[in-house]
Amino acid sequence: MKLGMVGLPNVGKSTLFNALTNVGAQSANYPFCTIEPNTGVVSVPDKRLEYLRDIYDPKKFTPASLTFSDIAGLVKGASKGEGLGNKFLGNIRDCDALIHVVRCFDDDNIIHVEGDVNADRDIETINLELIFADLEILSRRLEKAKKLKSGGNKEVEKEIALLSDLVKFMEDGNSARGFDFEGNGYKAERITLEKETPLLSLKPVIYAANMSENDFKDLDGNANYKAVLNIADKENSAVLPICAAFEETIGELETEDEKNEFLSELGLTESGIARIIRTGYDKLGLISYFTGGKDEVRAWTINKGDTAPVAAGKIHSDFERGFIRAEIVSYDDYVSVSGDMAKAKEKGVYRSEGKDYVVKDGDIVLFRFNV
């Protein structure tokens with residue numbers, strides 16, 4: 001799964017990316033210093049997996065991971081090919097969700113492409129470019145559907161109704177993710193649309209509100225942060241207040257103790273980077289189950305709602321093909337017996353599940369299979 005980091009030039013996007021991945025992308029003070037997307041694979045922080053590691057003391061420790069891509073800064077007219085527009089939009093299409101970095105700080109030493117900081121306008125600039133690109137695709141699909149309309153085909157009629165309503169909604173400057181598909185009776189049609197016509201403005205978004213050190217300590221006093229919250233609320237997106245300068249400092253500290261001490265001084269329990277990763281994982285509808293032993297403790301990434309055979313297939317296709325059963329103990333139950341599987345069986349919390357079982361986040365699993 002890939003998350004793309006987007007934003008106008010000079011909003012702190014590449015600085016955050018560098019802190020996130022330690023890849024070292026350019027973060028120069030001029031537009032388009034990121035042209036080709038820088039990419040980094042990042043481990044998903046999970047205290048539960050660390051607990052398992054401490055219990056098993058394995059030879060190998062493998063957390064879940066996400067791929068992050070730092071995409072070139074966008075300007076007005078990207079949907080028409082301005083700036084690095086075509087490359088920008090193409091890179092976004094390759095991503096499963098977006099981290100939209102929004103500048104919420106003033107600094108005369110860091111130029112802004114529009115001359116001043118205005119979160120409302122800056123978010124609108126990027127969202128409108130994605131909307132314009134989507135409208136072009138939707139209009140073509142609607143025109144094609146209308147040509148196919150004949151003989152009272154109910155599916156085509158429903159598609160035309162959805163496309164017409166969605167186009168009207170987006171022509172008012174709204175992102176597709178703000179459209180109430182289910183409330184308007186298009187729950188099934190949304191699934192088809194996402195498969196056949198993946199829209200840029202329908203991708204899940206996390207707004208990273210990048211603030212100064214002082215503003216980060218007083219969120220209520222930052223008008224731009226409040227503007228980001230209002231926009232996100234309308235489209236059911238997440239907002240994370242971030243201070244790129246703090247994240248940069250945390251990334252430079254060598255030990256976990258130093259990092260925890262720095263966070264404690266700020267009144268935080270985890271870095272903004274960790275929150276971005278966890279929220280991204282959630283926004284993509286992902287969960288983790290765990291396998292453990294002396295050889296390896298590992299987190300496996302699956303989609304919410306996946307059954308045991310599908311989850312088994314993440315390890316190897318033979319596991320899914322020859323699935324017999326899954327032996328499972330939940331993480332909380334595992335902790336309640338201090339990691340003692342014999343006690344888990346005595347208490348009846350170590351159970352056997354069949355092919356219809358939906359794997360839960362934090363399940364510790366042993367698959368039985370035969371091929």
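Residues are numbered from 1 along each chain as its sequence is written. In this predicted model, local features need pLDDT of at least 70, side-chain atom pairs count only at pLDDT 80 or more, totals for chains, interfaces and linings use all residues, and side-chain values use heavy atoms, with hydrogens and water left out.

Me: Why is N127 called buried?
Reply: Buried means under 20% relative accessible area, exposed over 50%, and partly exposed in between (1.4 Å probe, protein chains only). N127 has a relative accessible area of 8%, so N127 is buried.

Me: Where does N127 lie, and what is N127 in contact with?
Reply: N127 lies in helix α4, residues 119-148. Helices (H or I, at least four residues) and strands (E, at least two) are DSSP runs, numbered from the N terminus. Contact means heavy atoms within 4.5 Å. Leaving aside neighbours within four places in sequence, N127 is in contact with H100, S175, R177, Y207 and E235.

Me: What makes a set of residues a nonpolar core?
Reply: The members are buried Ala, Val, Leu, Ile, Met, Phe, Trp, Tyr and Cys residues, joined through side-chain atoms within 4.5 Å. The largest such core here has 72 residues. L66, F68, I99 and Y207 touch the most other members. Apart from it lies another core, of 19 residues, among them V167, A176, L193 and L199.

Me: What is I99 in contact with, leaving aside its neighbours within four places in sequence?
Reply: I99 is in contact with L3, G4, M5, V6, F68, I206, A208 and I276.

Me: How do you know that the count of disulfides is zero?
Reply: A disulfide is a pair of cysteine sulfur atoms within 2.5 Å. The sulfur of C104 is 11 Å from the closest cysteine sulfur, in C243, so the two are too far for a bond. From C243, the closest cysteine sulfur is in C104, at 11 Å, again too far. By this rule the count is zero.

Me: Are C104 and C243 buried or exposed?
Reply: C104 has 2% relative accessibility and therefore counts as buried. C243 has 1%, so C243 is buried.

Me: What makes an open space a pocket?
Reply: On a 1 Å grid over the protein atoms alone, a pocket is an open set of points with protein on both sides within 12 Å along at least five of seven lines; in a cavity, a 1.4 Å probe fits but cannot get out. Lining residues have an atom within 4 Å of a point. Grid points are joined across faces, edges and corners, and a volume is the space filled by probe spheres set on the points. The largest pocket has a volume of about 930 Å³. Of its 30 lining residues, P45, E50, E256, S271 and A274 are the closest to its centre. Helix α2 gives the largest share of this lining, five residues.

Me: Which residues lie nearest the centre of the second largest pocket?
Reply: They are R190, E194, P204, K283 and L284, of 21 lining residues. This pocket holds about 670 Å³ of space.

Me: Why is D57 called exposed?
Reply: D57 has 59% relative accessibility and so counts as exposed. D57 is found in the loop between α2 and β3 (60-62). Its phi is near 50°, a positive value in a residue other than glycine.

Me: Why is N236 called exposed?
Reply: N236 has 63% relative accessibility, so N236 counts as exposed. N236 is in the loop between α8 (223-234) and β7 (238-242). N236 is not a glycine, yet has a positive phi of about 60°.
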